[in-house]
Amino acid sequence: MKQIFTFLFLSLVFINCSTNNDNLPEEFWGMKLQRKLTGKEAKDFVDKLHFQNVATEKNEVGIYKGEVGNAAVYITYYSDEKNAYQDFRKMTEKISPENSMFVRGTYHNINNKQVYSCLGLGQVHYVFAHKNLLFWVSADPNFSRNFLDEYMKLVMN
């Protein structure tokens, strides 16, 4: 009986560990997750930032703070990779003409992904699609690129 219990317990631990795909960990890059928004709260937050309804049904927002500075991660879930990439294109094309608070928008190849970056509101912003997800990562300029590199490793593994 003890062996069966041990087997079941270890199986559950293994399954939970292998399927845990937390794109907003409690601690990341020396910063702590100060606020995590999901569901309606995340959707409302994203819509409020844009002054209109733009968010899909499933969104997550993570606000990080630490001695090194501040960062935020916005994640939008799509039904498939094609829709995520289409919205990546639409979003970056709207920002590109610099008719917004974001400037110096450029496309880069980072970690074998097309990534759009721009400056605004005192931070560097990066946008990229991966699988059925669209990410917007904002971080203070002094560590933004290193933060992005490590974050991309986290979500692309």
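Which pattern does the protein chain follow, read along the sequence? It goes α-β-β-α-β-β-α-β-β-β-β-α. That gives four helices and eight strands, where helices (H or I, at least four residues) and strands (E, at least two) are DSSP runs, numbered from the N terminus.

Quick housekeeping. This is a predicted model, so local features need pLDDT of at least 70 and side-chain atom pairs count only at pLDDT 80 or more, while totals for chains, interfaces and linings use all residues. Residues are numbered from 1 along each chain as its sequence is written, and side-chain values use heavy atoms, with hydrogens and water left out.

Now the rings. Rings of Phe, Tyr and Trp (its six-membered ring) pair if their centres lie within 6.5 Å; planes under 30 degrees apart are stacked, over 60 edge-to-face, and the rest tilted. By that rule we get twelve aromatic pairs. Take Phe28 and Phe147: they're edge-to-face, with 5.3 Å between centres and 85 degrees between planes. Those two come from distant parts of the chain, 119 residues apart, with Phe28 in strand S1 (residues 27-28) and Phe147 in helix H4 (residues 144-156). Phe28 is buried at 11% relative accessible area, and Phe147 is buried at 0%. Both belong to one aromatic cluster, together with Trp29, Phe128, Phe135, Phe143 and Tyr151.

Let's stay on H4. Its 13 residues reach 18 Å from first C-alpha to last, close to the 18 Å expected at 1.5 Å a residue; the expected span is 1.5 Å times one less than the number of residues. Buried residues in H4 include Ser144, Phe147, Leu148, Tyr151, Met152 and Val155.

Last stop: Lys113, in strand S6 (residues 113-120). Lys113 is buried yet has no salt bridge, which would take a side-chain nitrogen of Lys or Arg within 4 Å of a carboxyl oxygen of Asp or Glu. The nearest side chain of opposite charge, Glu81, is 5.2 Å away. What does lie 3.4 Å from a polar atom of the Lys113 side chain is the backbone oxygen of Ala129.

Key
Buried means under 20% relative accessible area, exposed over 50%, partly exposed in between (1.4 Å probe, protein chains only). Lys and Arg count as positive and Asp and Glu as negative; His and the chain ends are not counted. A polar contact is a pair of N or O atoms within 3.5 Å; within protein, one must be able to donate a hydrogen and the other to accept it, and residues adjacent in sequence count only if both atoms are side-chain atoms.
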